[in-house]
Amino acid sequence: MRAVIVAAAVAFIVSLFVTPVAIRVFGALKAGQPIRSLGLASNEGKKGTPPMGGVVFILATLVAYVAGHLALTTLPERQIAQEKPTMTALVLLGLFVFCGAIGFVDDLLKVRKRNSDGLSAKGKLIGQAIVSIGFGIAALYATSTNGQTVISEHISFIRDVSWLDVGKVGAVMVFVFVITAMSNGVNLTDGLDGLATGASMLVLGAYALIGYWQYRHWCADATYASGSQYCYQVRDPLEIAMIAAAAACACLGFLWWNTSPARIFMGDVGALGLGALIGGLAVATHTTLLSILIGGLFVIITVTWVIQIVSYRTTGKRVFRMVPLHHHFELAGWSEVNIVVRFWTIAGVCVAAGLGVFYSDFLAAVG
């Protein structure tokens, strides 16, 4: 637990105090965010606000991960087994960094062109596919000393579902879909000050709790599994808890500066990176299907966006005033702050429901 707390605290401090430095640096470089004129009240006064703030919380998470591992050297023997970086950490942090890098290129192109056109949608999807395929293969084939891999050949709900065996190719395809879908879901949610940051913080916090719970009831821990009726077949759950907690607290520190009126935006570097990390956490904790509930806000915003696109292209009619969904409510007269707080509430309810289902399964198994 100490390692998780250290990682979370370091991430928060680094993010909180480095973000204003990034604001000044991006401001000096005149790296302002181009804003499309869509007639939205939330866009007023935001032109020129520095983007690419996601670089800060990605960096904060990496620094915090190192700090968490330094803390492991003072912990009991069963925790020192994870003292060195593991494949789980390489996969999760790799997704965070490399999908963030795709977003960074997109943000950089927008700034240089002085318009809102960065990478094409096709370009982003190709980049996300390449990154997720690479890490998906590593996650499937790199085994630990006990033969455990980061992902399995089964689709999971709260643990692997035995009859949902998709094979090795299917496992990588599922991994690619989850990473790409969640990455783009967070990106679609990032449209109002603090909205995606706060929602991501809640989801990451849930995965920190799930990871730590799995660590305390871990099948690889002989001191627990030998006398237990139920344990979790996951790889490196303490790593999962550290990374999720660090990323959640890094978002919290960033939110101090990103809340309305935002002094910096996370940009695509932050949104694509966070979504990829959340997707990776879902697969690594073997809660792939449960992530639909835990990340419910992202799912709702993505589904409504798809409904709008399909409806307009097939019938020429719009179901919503504008998508993503938060802009629909803006045009309905809701203030930006009201939308953000209410959407955070929805995200919190989804997270609470997901954690409730997760814990209920444990109670049912040991009861």
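The questions and answers below concern a predicted model, and each answer sets a value beside the criterion that it has to meet.

Q: What makes up the secondary structure of the protein chain, and how many residues of the chain are there?
A: The secondary structure comes to 14 helices and 2 strands, in a protein chain of 367 residues. Buried residues make up 54% of the chain, where buried means a relative accessible area under 20%. The accessible surface comes to about 15800 Å², and 67% of that surface belongs to carbon and sulfur atoms.

Q: What is said to be a cavity here, and which residues line the largest cavity?
A: A search of the whole structure for cavities of 30 Å³ or more finds 1, and the largest cavity holds about 110 Å³ of space. Its lining consists of Ile 151, Ser 152, His 154, Ile 155, Ser 156, Asp 160, Ala 171, Val 174, Phe 175, Val 283, His 286 and Thr 288. The elements that contribute two or more residues to this lining are S1 and helix H6 (167-189). The lining residues divide into 6 nonpolar, 5 polar and 1 charged; Asp 160 is in the lining, and Asp counts as charged.

Q: Why is His 286 called buried?
A: The relative accessible area of His 286 is 4%, and buried means under 20%, so His 286 counts as buried. His 286 lies in the loop between H10 and helix H11 (291-294). Leaving aside neighbours within four places in sequence, the contacts of His 286 include Ser 156, Asp 160 and Gln 148, and Phe 157, Ile 158 and Arg 159 are also among them. His 286 has a positive phi of about 60° although it is not a glycine.

Q: Why does Thr 285 count as buried?
A: Thr 285 has a relative accessible area of 0%, which is under the 20% limit, and therefore Thr 285 is buried. Thr 285 lies in the loop between H10 and H11. Thr 285 and Ser 156 are 129 residues apart in sequence, while their C-alpha atoms are 8.9 Å apart in space. Once neighbours within four places in sequence are left aside, Thr 285 is in contact with Ile 158, Tyr 207, Ile 210, Gln 214, Val 234 and Ile 240.

Q: Why is Leu 29 called exposed, and why is Met 52 called buried?
A: Exposed means over 50%, and Leu 29 has a relative accessible area of 61%, so Leu 29 is exposed. Met 52 has a relative accessible area of 3%, which is under 20%, and so Met 52 is buried. Leu 29 is found in the loop between H1 and H2, and Met 52 is found in the loop between helix H1 (2-28) and helix H2 (54-72). Phi of Met 52 is near 65°, a positive value in a residue other than glycine. Leu 29 and Pro 50 are 21 residues apart in sequence and 9.5 Å apart in space, C-alpha to C-alpha.

Q: What is omega for the cis peptide bond from Ser 260 to Pro 261, and what is omega for the cis bond from Val 323 to Pro 324?
A: For the bond from Ser 260 to Pro 261, omega is near -5°, and Pro 261 has its place in the loop between helix H9 (237-258) and helix H10 (267-284). For the bond from Val 323 to Pro 324, omega is near 0°, and Pro 324 is in the loop between helix H12 (296-315) and helix H13 (325-331).

Methods. Residues numbered from 1 in each chain as written. Predicted model: local features only at pLDDT ≥ 70, side-chain atom pairs only at ≥ 80, totals over all residues. Heavy atoms only, no water. 1 Å grid on protein atoms, 1.4 Å probe; cavity = no way out; pocket = protein on both sides within 12 Å on 5 of 7 lines; lining within 4 Å. Points joined across faces, edges and corners; volume = space filled by probe spheres on them. Helix = DSSP H or I, 4+ residues; strand = E, 2+ residues; numbered from the N terminus. Buried < 20%, exposed > 50% of the residue type's maximum accessible area, 1.4 Å probe, protein only. Areas by Shrake-Rupley, 256 points an atom, 1.4 Å probe, with all protein chains shown as cover. Contact = heavy atoms within 4.5 Å.
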